[in-house]
Amino acid sequence: MNFLKPEGPISREADRLWDITFLISVVVFFLVEGALVWILVKFREGAQRGEPKQVHGHTRFEILWTIIPVLLLVGVAYITVPVIFTQAREPEGALKVEVIGHQWWWEYKYDSGVVTANELHIPTDRPVLLELKSVDVIHSYWIPKLAGKQDVVPGRVNHLTIEATEPGTYLGQCAEYCGLSHANMRATAVAHEPADFDTWVQEQLADSANDPLAAEGRELFLNGKFADDQQCIACHAVKGTPAQGIVGPNLTHLGSRERFAGSMFERTDENLAAWLEDPPAQKPGSKMPDLDLTDEQITALVAYLQSLK
Ligand code: CUA
C-alpha cells in the first residue's frame, strides 16, 4: 500500500505532482530553517550588545515575504488544479463499477450483473469509474497504488477513477474511521489482462457449481435455522438458489476469492471454520452474529462455501 510506487496513470500523475511539491517544500524548509539557525547564532546573547535593529512594519520586508509564498502557492496551484479537474472528469471508455461500503466490507456491482464482495476485479489499461455509495456510515475508498482516496458518504454518490497498468493484486484500506472494525475493512483490487478479465466476468455470471459432496452444507445453508431462528439466507445470496439476502456479502463465487470478511482472512478451511464458529470474535463488531453452530454443521458449511467456485 505504497502511494509512492504508483502502478497506474492516475496515481502516477498524482505522484509526479507530489515529487514537485515535495521538492519545493524541501527548498523552502531549508531556507527558512537555515535563516532561523543563522539568526539564532548571530543574535545570541552576548554576541552583540543591546537590542538589534527593529524591522517591525518594514514595508519592503512585508512585501517580500507576502509575494514569495503567493508565487509559490500560485505555482503549485498552476500544476495541480488542472490535474484535479482532469481526474474528476468521467474518462472515456471507462468500466463502471458500483462500490458500496458496509460496516465492514466492500460490495461491488458491475453493469454486466456481476455482484461480488471484498475483491474488486478490473481489466488493465482501462480506466475504471467507481460509483461510491454507503449503506451506513462514512467510509473512504483507497487503493494507494492505483489512485487517491475518496470519501464514501451515505445518501450521495461520489466518483473515483482508478486504473492499473500491470496485472496484479493491489491492496487498499478503508481510510475513514467507521466504527469498531474500521482497521479490518480492507480492500483488494485484482487487475487482469482484458481477455482474462472477460473470462472472470463470464465465470462470475454463471451459477456456482453444485458440488454433491457439499450437499449437506448446502441444505444447512438454504434451510437451516440456528440460534434465535437465524438463517444464512436471511443475509446472503447465492445466485441460482433461493438464497437472495442482500444484507451480507453475496457468496455466489466465494470459492473463487482469495480472501473474505473485509479481506481480513485467506479463504482456508481453518479460517472459514473459525469465522463460522464466532464471527464477532474474528472481526470485532461483525454484523454476522455467533450462530451457535456445532462442529459438524461448521464442517458441512465450510465444504459448501468452498465449493462455491
Ligand atoms: Cu469503513 Cu473505515
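User: Which residues does asparagine 118 touch, not counting residues up to four places away in sequence?

Analyst: Happy to start there! Asparagine 118 touches Trp105, Trp106, Tyr108, Ala187, Thr188, Phe260, Ala261, Gly262 and Ser263, where contact means heavy atoms within 4.5 Å. Please keep in mind that this is a predicted model: local features need pLDDT of at least 70, side-chain atom pairs count only at pLDDT 80 or more, and totals for chains, interfaces and linings use all residues. Residues are numbered from 1 along each chain as its sequence is written, and side-chain values use heavy atoms, with hydrogens and water left out.

User: Why does asparagine 118 count as buried?

Analyst: Its relative accessibility is 3%. Buried means under 20% relative accessible area, exposed means over 50%, and partly exposed lies in between, with a 1.4 Å probe and protein chains only. Asparagine 118 therefore counts as buried. You will find asparagine 118 in the loop between S3 and S4; helices (H or I, at least four residues) and strands (E, at least two) are DSSP runs numbered from the N terminus.

User: What makes strands S3 and S8 edge strands?

Analyst: The open sheet has five strands in the order S3-S2-S1-S5-S8, with mixed pairing. Strand S3 (115–117) and strand S8 (158–162) each have a single partner strand, so one side of each is left without a neighbour in the sheet. From one strand to the next, the twist averages 25°.

User: How do you know that S1 and S2 pair?

Analyst: Two strands pair if DSSP finds at least two bridges between them. Strand S1 (residues 95–102) and strand S2 (residues 105–110) are joined by six bridges and run antiparallel. One place to look is glycine 101, whose bridge partner in S2 is tryptophan 106.

User: What is the order of the open sheet of three strands?

Analyst: The order is S4-S10-S9, and the pairing is mixed. Strand S4 (119–123) and strand S9 (168–173) stand at the edges, since each has a single partner strand. S9 and strand S10 (residues 186–192) are antiparallel and share six bridges. Glycine 172 stands opposite alanine 187 in S10. Across S4 and S10 lies helix H3 (residues 194–205), at about 135° to S4.

User: Why is H1 called roughly antiparallel to H2?

Analyst: Helix H1 (residues 9–42) and helix H2 (residues 59–88) pack at an angle of about 170°, with axes 11 Å apart. That makes H1 roughly antiparallel to H2: angles under 35 degrees count as roughly parallel, over 145 as roughly antiparallel, 65 to 115 as roughly perpendicular and the rest as oblique. The axes are lines fitted to C-alpha atoms, for helices over the stretch in contact, and angles run from 0 to 180 degrees between N-to-C directions.

User: What makes H4 and H7 roughly perpendicular?

Analyst: Their axes cross at roughly 100° and come within 7 Å. H4 and H7 are therefore roughly perpendicular to each other. Glu216, Gly217, Arg218, Leu220 and Phe221 of H4 make this contact with Gln297, Ala300, Leu301 and Tyr304 of H7.

User: How do you know that the span of H7 agrees with its number of residues?

Analyst: The expected span of a helix is 1.5 Å times one less than its number of residues. Helix H7 (residues 295–307) has 13 residues and should span 18 Å; its end C-alpha atoms are 18 Å apart, which agrees. Buried residues of H7 include Ile298, Val302 and Leu305, and the buried residues of H7 pack against helix H4 (215–223) and helix H5 (269–277).

User: Is alanine 214 buried or exposed?

Analyst: At 3% relative accessibility, alanine 214 counts as buried. Alanine 214 belongs to the loop between H3 and H4 and touches Ala303, Tyr304 and Ser307, not counting residues up to four places away in sequence.

User: Why is aspartate 228 called exposed?

Analyst: Aspartate 228 has a relative accessible area of 73%, which makes it exposed. Its phi is near 55°, a positive value in a residue other than glycine. Aspartate 229 is exposed at 56%, with a positive phi of about 60° although it is not a glycine.
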